[in-house]
Amino acid sequence: MEKFTTVKSVAAPLLENAIDTDVIFPARFLLLLDREGLGRYAFSERRNGPEPFVLDTPPYDTAKILVTGENFGTGSSREQAVWTIADLGIRCVIARSFGEIFFANCFKNGVLPVRLGGDDMAAVERAAEAAEEITIDLEAQSIRLSSGREIRFDIEPNLKRLLLLGLDEVGMILAEDGDAIKAFEARRKADQPWMSIGIEKLHALAEEQDKNG
Amino acid sequence: MVAQTLYDKIWDSHVVADRGNGEHLIYVDRHLVQEVSSPQAFAALDQDGRKVRCPEAHIAVADHAVPTLRGDRPFAEGLAFSQVERLKENAAKHGIAYMPMDGERHGIVHVIGPELGFTLPGVVLVCGDSHTCTHGAFGCIAFGIGASECTSIFATQTLRQRKQKTMRVNLEGGLPDGVTVKDVILALIAEIGTGGGVGYALEYAGSTVRELSMAARMTLCNMSIEAGSRVGVVAPDEKTFAYLEGRPLAPSGDAWKQAMAAWSDLHSDADAVFDREVTFNTADLAPQVSWGTTPEHTCAVTGQVPDPEREADQNSKSRLRKSLAYMGLEPGTAIRDIPVDRVFVGSCTNGRLEDLRAAAQVLSGRKVADSVKAIAVPGSAAVKIAAEREGLHEIFLSAGFEWRDAGCSMCVAMNDDRLAEGERCASTSNRNFEGRQGKGGRTHLMSPPMAAAAAVTGKITDVRELL
């Protein structure tokens, strides 16, 4: 995963609330099997609509930062919603709030979601609309505006580390907690044997219907 | 011992490691795998040369992309076919049981999980689908995850997560005639908003909930995500256990007794403290209908389309104007005067036997309006078989509905079932987002009896007038 340290760019203002996952990545494109090159489908209806779309309008067509409203990414669990904006070059989304699954998916893909409110958010929105360059510094947890104003943002320390180092989370889990997982499974088997279905039973069920079908 | 909520109890029993800063590594007992969110997850697994750690923890089934008109029709090419085939191949390669599309165990993941007894109280269950919260009806922690998290489940059987805050939603007063749990959850979302549950695990409690069937509890938990919450739970009770006993994958014999003993503690302690509590009286509720492009845009069927000019701030005004423009609705229009072109009864929200029964009850002896095209799509093959056993298909067919095979169908429009541009649909599904049921399609969410009533009259109708 690409490391996230600092990002300097104009920020594209998409100042609406509740931009949902179906707007970000319409379901019909979910049939595609790969995750590469999905940027072309981002916000498809908006980009092909009657009004010019902000991410196609210079200077925002090269923006690495997106500024939006409340509950961005609400709706479905589709990780394509992150892949598609990441493919457009967006590395950071600043919003008043996020859909939870979208928020979690960002961290798996080197995209930093930042929650801001009040006057700080208003200042970022103004900077975005004025097409001013802003700098996101993850290590310092700050957003620097061209006016010199510095805005701090919160991020969970573990997620910060994940982004800063561009870590492979699965590899990290196996390395750091492989033994703990084994111990948990042994305990579960002893204490809750009913939890286990048995793979033979599952396959038998699947095959049983093969005959019927 | 400190009093705990149900969510806390299940969570704590699944903590594998404390990663510090509030992050836990939690164990996942069950994973439902579908064709849309899994190809990239399997690809990442293969790319890193990793194996599926515990094949018995997964069931694979294709639901989103499958055609619902099957029979003799060929399904042998195209993107949807490739996606279904890919799932089958990936399952075979990794030793995961795959429930084929033409078998009797096939259906929407959130319908077959409970049907098979794969879903159990006290477990942690995940799926790469946001409506995984449905399974919380059985008193388990069930939530939707992204494809990267699916990879983590395949390889490690765990996820790094932060515990959520808890919100108890007390539903009291029972349900009046003509009003279903779908109306309850829609009204709740209208009240607390689609962001209202963000950060919280919801527990549904109260007299209304205790009276609900398991199917109704699933409908309730299903739309937790539309209230912003990934998790919704109902404490298991006799209804839960009666539903599960004897299911093919549920524990049996001594294992059932052990499980029942373990499940006896699955309730929030009497003095457990929730981070937030809301109480909602359902006794006087009217049938609900969504009129906009987010589920919180919902009101009673007796209401009217709101006026954007009455909104307090500019942002809400423009959002509302945009929604109404998309929906092709004028402010002040009576909800009951809105004509519909299509009707969809089905989905993981309302595709179970009792949903079909409720719709059929309204349709019995009536005909679908000439201007309306209506489809009924059972949530699973088992639901379809059971419905046909009691003759429900004949009621749908003679009313003029199409009677389809199981799948997500017109809820997600990734298959052949979708609205044309500008078409308006009375739908029992869960999302009325722009384009959700097809590009330019207009969705009005409602209960199965309300959708049936709209089919009959050709416009949104208060089903209480037809009962």
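1. Helix H13 of chain B, residues 353–363, is largely enclosed by the rest of this predicted model, because eight of its 11 residues are buried. The buried residues of H13(B) are Leu353(B), Asp355(B), Leu356(B), Ala358(B), Ala359(B), Ala360(B), Val362(B) and Leu363(B). After H13(B) comes Gly365(B), which has a positive phi near 75 degrees.

2. Which residues does the record mark as a binding site? The UniProt annotation "binding site", from an unreviewed entry, covers Cys348(B), Cys408(B) and Cys411(B). These residues span 64 residues in sequence, yet no two of their C-alpha atoms are more than 8.7 Å apart, so they gather at one spot.

3. Cys408(B) is found in the loop between strand S17 (402–403) and strand S18 (424–427) of chain B. Is Cys408(B) buried or exposed? A residue counts as buried when 20 or more other C-beta atoms lie within 10 Å of its own. Cys408(B) has 32 other C-beta atoms within 10 Å, so Cys408(B) is buried. Not counting residues up to four places away in sequence, Cys408(B) touches Asp63(B), His64(B), Ile108(B) and Ser347(B).

4. Cys411(B) also lies in the loop between S17 and S18 of chain B. Cys411(B) is buried because 29 other C-beta atoms are within 10 Å. With residues up to four places away in sequence left out, Cys411(B) touches Gly346(B), Ser347(B), Ser429(B) and Asn430(B). Tyr27(B) is found in strand S2 of chain B, residues 23–27. Tyr27(B) counts as buried because it has 22 C-beta neighbours inside 10 Å. Leaving aside neighbours within four places in sequence, Tyr27(B) is in contact with Phe184(A), His14(B), Val16(B), Val124(B), Gln157(B) and Thr158(B). The C-alpha atoms of Tyr27(B) and Met410(B) are separated by 34 Å, and the two residues are 383 residues apart along the chain.

5. Next, a pair of helices in chain B. Two packed helices are described by the angle between their axes and the distance between the axes. The axes of helix H2 (residues 39–47) of chain B and helix H5 (residues 147–156) of chain B come within 8 Å and cross at roughly 50 degrees. That angle makes H2(B) oblique to H5(B), and the crossing of the two is right-handed.

6. Which residues in H2(B) and H5(B) meet? From H2(B) there are Gln40(B), Ala41(B), Ala44(B) and Leu45(B), and from H5(B) there are Ala147(B), Cys150(B), Thr151(B), Phe154(B) and Ala155(B). Sorted by class, this contact of H2(B) with H5(B) has seven nonpolar, two polar and no charged residues.

7. The last point is the contact between the chains, which takes 56 residues from chain A and 68 residues from chain B. On the side of chain A that touches chain B, the elements giving two or more residues are helix H1 (21–24), helix H4 (100–107), helix H6 (157–165), helix H7 (169–191) and helix H8 (199–212) of chain A. H8(A) gives the largest share of that side, nine residues. By class, the residues of the side of chain A that touches chain B divide into 24 nonpolar, 16 polar and 16 charged.

Key
Residues numbered from 1 in each chain as written. Chains lettered and ligands numbered in written order. Predicted model: local features only at pLDDT ≥ 70, side-chain atom pairs only at ≥ 80, totals over all residues. Axes fitted to C-alpha atoms, helices over the stretch in contact; angles between N-to-C directions. Helix = DSSP H or I, 4+ residues; strand = E, 2+ residues; numbered from the N terminus. Parallel < 35°, antiparallel > 145°, perpendicular 65-115°, else oblique. Left-handed = near helix turned anticlockwise from the far one by under 90°. Contact = placed C-beta atoms within 7 Å. Nonpolar A, V, L, I, M, F, W, Y, C, P; charged D, E, K, R; others polar. Buried ≥ 20, exposed ≤ 12 C-beta atoms within 10 Å, placed from the backbone. UniProt positions renumbered as here; feature names shortened; annotations may be inferred.
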